[in-house]
Amino acid sequence: AAAMKHHGVTHADLGGRLILKAGHDHPIKLGGMGQNGPELMPRAGEWIVATARRLGVDVLILDPLGAVHGLPENSNEAMNLLAGGLSRIAIDANIAIGLVHHVSQAAAGNMRAAGANAARGGTALVDRSRNTRQISRPDEKEAPAMGIKAEERWRYLAIRNGKANNAPLSDEQWV
């Protein structure tokens, strides 16, 4: 919505190709802890598949990922289960799924060094992903080297390719 406002784009300009839902009207919980450990909530996945097919969705972005599940993020077993459920949804609905996920506090200090391991929680989520991008602001050393004033750092983002299956790693991009 912010990008649309910034660029002067309206929903009419997009021809119905962008659907924004905050999740308040249809809260989604893809998984949670059951009596025997982590489990998926199949009805949530079935609802996403049916809705994506009905609306002709091509790409589903879950932002933030932590809001759509109740699984322990530090458990590789739980994150692998969630990733498998998301893969099943993508296949059944014939869509791409993008996940917006937070980084660990330790990694936030040096995203370049953290690489794909910057993601919060267990490694299974990143391991199962096809493409991992990290977005961060320039740090205190990068900004002056790029001619960016300290008070203007917040205006810039680096997009780094931390992992790309089936494609070469690309250089970072600054926007």
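Hi everyone, let's start with the order of elements: reading along the sequence, this protein runs α-β-β-α-β-α-β-α-α-α-β-α-β-β. That gives seven helices and seven strands, where helices are DSSP runs of H or I with at least four residues, strands are runs of E with at least two, and numbering starts from the N terminus.

A word on what we're looking at. This is a predicted model, in which local features need pLDDT of at least 70 and side-chain atom pairs count only at pLDDT 80 or more, while totals for chains, interfaces and linings use all residues. Residues are numbered from 1 along each chain as its sequence is written, and side-chain values use heavy atoms, with hydrogens and water left out.

Now the overall picture. The C-alpha trace spans about 50 × 45 × 30 Å along its principal axes. Of the 175 residues, 30% count as buried; buried means under 20% relative accessible area, exposed means over 50%, and partly exposed is in between, using a 1.4 Å probe and protein chains only. If we take contacts between residues at least 6 apart in sequence, 55% of them join residues at least 24 apart. Contact here means heavy atoms within 4.5 Å.

Let's go to a helix pair. How do helix 2 and helix 3 cross? Helix 2 covers residues 42-55 and helix 3 covers residues 76-93; their axes come within 9 Å and cross at roughly 30°. The axes are lines fitted to C-alpha atoms, for helices over the stretch in contact, and angles run from 0 to 180 degrees between N-to-C directions. The two helices are therefore roughly parallel to each other, since angles under 35 degrees get that label, over 145 is roughly antiparallel, 65 to 115 is roughly perpendicular and the rest are oblique.

N94 has a positive phi of about 55° although it is not a glycine. Is N94 buried or exposed? At 66% relative accessibility, N94 counts as exposed.

A cis peptide bond joins D63 and P64, with omega about -10°. P64 is in the loop between strand 3 and helix 3. Strand 3 itself (residues 59-62) includes V59, which is exposed at a relative accessible area of 51%.

T132 sits in strand 5 (residues 131-136), and R160 in strand 6 (residues 158-164). T132 counts as buried at 13% relative accessibility, and R160 counts as buried at 9%. Leaving aside neighbours within four places in sequence, T132 is in contact with V126, R160, N161, G162 and K163.

What do their side chains pair with? T132 has a polar contact of 2.9 Å with the side chain of S129, and the R160 side chain makes one of 2.8 Å with the side chain of S136. A polar contact is a pair of N or O atoms within 3.5 Å; within protein, one must be able to donate a hydrogen and the other to accept it, and residues adjacent in sequence count only if both atoms are side-chain atoms.

Last stop: R120, in the loop between helix 5 (111-114) and helix 6 (124-128). R120 is partly exposed, with a relative accessible area of 33%. Beyond its neighbours within four places in sequence, R120 is in contact with E73, H101, H102, V103 and S104. R120 and S104 are 16 residues apart in sequence, yet 4.3 Å apart in space, C-alpha to C-alpha.
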